[in-house]
Amino acid sequence: MKPLTAFLRRQKQALMDQLAGPAWPQASEQAPLRPIRRRPHSANSAAGPDMLSIACPDPTAEDALRDQHLAAAQRLVRQENWETLSERIRKADQSRDMTPGCMPVAELMAYGGRADVTLAAEHALLAGRPDEGAPLLAGIESLEHVLAEHADDHIVAAIVAQAHMDIGWAWRGTGWDTEVPDRNREAFAAHFDRAGDILGPFCAQSIDSPLLAATSCALLGGLDDHERRVADRYETLINLNPANPRAMRAMGNHLLPRWYGSYTELELEARRTASRTQDTWGAGGYTWVQFDAISCDDEACANLDLGFFIEGMRDILARRKDSYTVNLLAAYCATGIGQSFSGNDVADQNRSEIAKCARWIVREHMTELHPMIWAHAARGFDNNLRVKSPARFAAAGRDEAMRIITGLFSREIADGQRIVFTDTGAEAVTG
C-alpha cells in the first residue's frame, strides 16, 4: 500500500492547481440521498377519478428497507463504531442478504459507510471545482486513517476504495474525455490509482466476498484497456452471487463496443450467464445481461434473440414476484425501451415486441405503482441524471404510468368497468 501522506500531498497540490484552473460547466442540483416523503395514496386515471385505482405507497417497502440499511450504517460511522459496521456488513455479504428488489444489503451498508464523505465531495465539486478553502480532502483523509487502523479488514478496504472512486467520478464528471480539464482527469486517475492500491492485497474469490468483487468491477472505469478483463471480473461477481441482477446488467452495458467489449462478446456472455445462472433465473440471465445494452444501442438490439429475451422476462417474474421487480420490468417495456425507436428496422421491431410485453406484465403481475421507477425508465435509467425536484420527478413518472396503464385497460374502461388493483392483481369491477 502506498503511503497515505504521499497520496494526500499529491491530491492537495491537484486541488490547489484546480482552484486556479478553468471551471467545470455548471451542473444542476443533485438529488438528495433519500426520497421525498408523501402520504400514501391511490393514483387515479385521467379517464375518470374512479375508473382506475392503484396504490402508490410512499415510501415503498423497498425504499423503506434500503433507507433503513443506509441509515444504520451512517449511524455507526458517525459513532466511529467501525468494528460493528464491518461485522454487520461481513455477515450480510457472507449470507448474500438482499432486499426484495435484489439490492445486496452489504452494498447498501457500504454506501452508508461512505455516504457522508462522498456526498460532501460531490457537493463541493458540483460546479466542477471546489470553492477555495472547501475541506474536500478532510473526509477521505479520515477514511484513510480508519483504513490504517484496520489494514487487514477487506470490508473497510472496500468502503474506502469505493469512496475514492466516487470522489474520482465527482472530479471527472460525465462528459466526454475531450471536455474534461486536465487537472480534473488527473484527480480522477489519482483516486482510482489509490483505490487499486487499497484493493491490491485482497482477492474477492478466495475471501468469498461479493462486495469485494463488486468493488473490483467498479475499478474498471479507471483501468487501461489491456488491464480490464471485463467479462472475467463480472463472472467472478456473478458466480459469487447469481441472485444479484445488477451485476449482470452492468456487465452487459460494459460489454458494448462503446465501452470495453463487442457485440459478439455481449451475446456470448449473455448466453453463458444464462447457462450458469439457470437454477436461479431460468432464462432470465440472458435478459438481465441484455437489459440495459439493448435499450441504448441499436445494433445490440438488432442482434437480440427476442424469444430468449422474452422467455427470460417470464422466468424472472416467476421467481421474483415483488412489486419493485414488476414495476421495473413493466416500466422498462412500456417506456424504457418501448418509446426509444431509432430508424434501425430490426432494432425497432424488437423494441416494439418487447413493448407489447408491458400488457401481460401489468395485467398478470402488478399490484401497486412505484412512480420513481417509471420516471427513471422514461429517461433511460440514466445513472447520471440530476433531479432538481424529486417530488415533480415522481409525479411525472406517476402520470406517465397511469397514462400507459389506462391504455392497457381501455376496452374495459370503455365498457364502463372500473379497474382496481388489489394485493392479488388487477380486477375489473362493473358498476
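**Cavities, a pocket and cysteines**

Modeller: Helix 13 (residues 263-276) gives the most to the lining of the second largest cavity, with three residues. Helices here are DSSP runs (H or I, at least four residues), numbered from the N terminus. The model is predicted, so local features need pLDDT of at least 70 and side-chain atom pairs pLDDT 80 or more, while totals for chains, interfaces and linings use all residues. Residues are numbered from 1 along each chain as its sequence is written, and side-chain values use heavy atoms, without hydrogens and water.

Biologist: How many cavities of 30 Å³ or more does a search of the whole structure find?

Modeller: On a 1 Å grid over the protein atoms alone, a cavity is a set of points where a 1.4 Å probe fits but cannot get out, and lining residues have an atom within 4 Å of a point; a pocket is an open set with protein on both sides within 12 Å along at least five of seven lines. Grid points are joined across faces, edges and corners, and a volume is the space filled by probe spheres set on the points. The search finds two cavities of 30 Å³ or more.

Biologist: What is the volume of the largest cavity, and which helix gives the most to its lining?

Modeller: Its volume is about 60 Å³. Helix 4 gives the most, with three residues, and helix 3 (82-94) and helix 9 (210-218) each supply at least two. Among the lining residues are Asp93, Arg96, Pro104 and Asn241. By class, the lining of the largest cavity has six nonpolar, one polar and four charged residues; Ala, Val, Leu, Ile, Met, Phe, Trp, Tyr, Cys and Pro count as nonpolar, Asp, Glu, Lys and Arg as charged, and the others, Gly among them, as polar.

Biologist: Which residues lie nearest the centre of the second largest pocket?

Modeller: They are Phe202, Cys203, Ala204, Ser216 and Arg233, out of 15 lining residues. The volume of this pocket is about 290 Å³, and helix 9 gives the most to its lining, with four residues.
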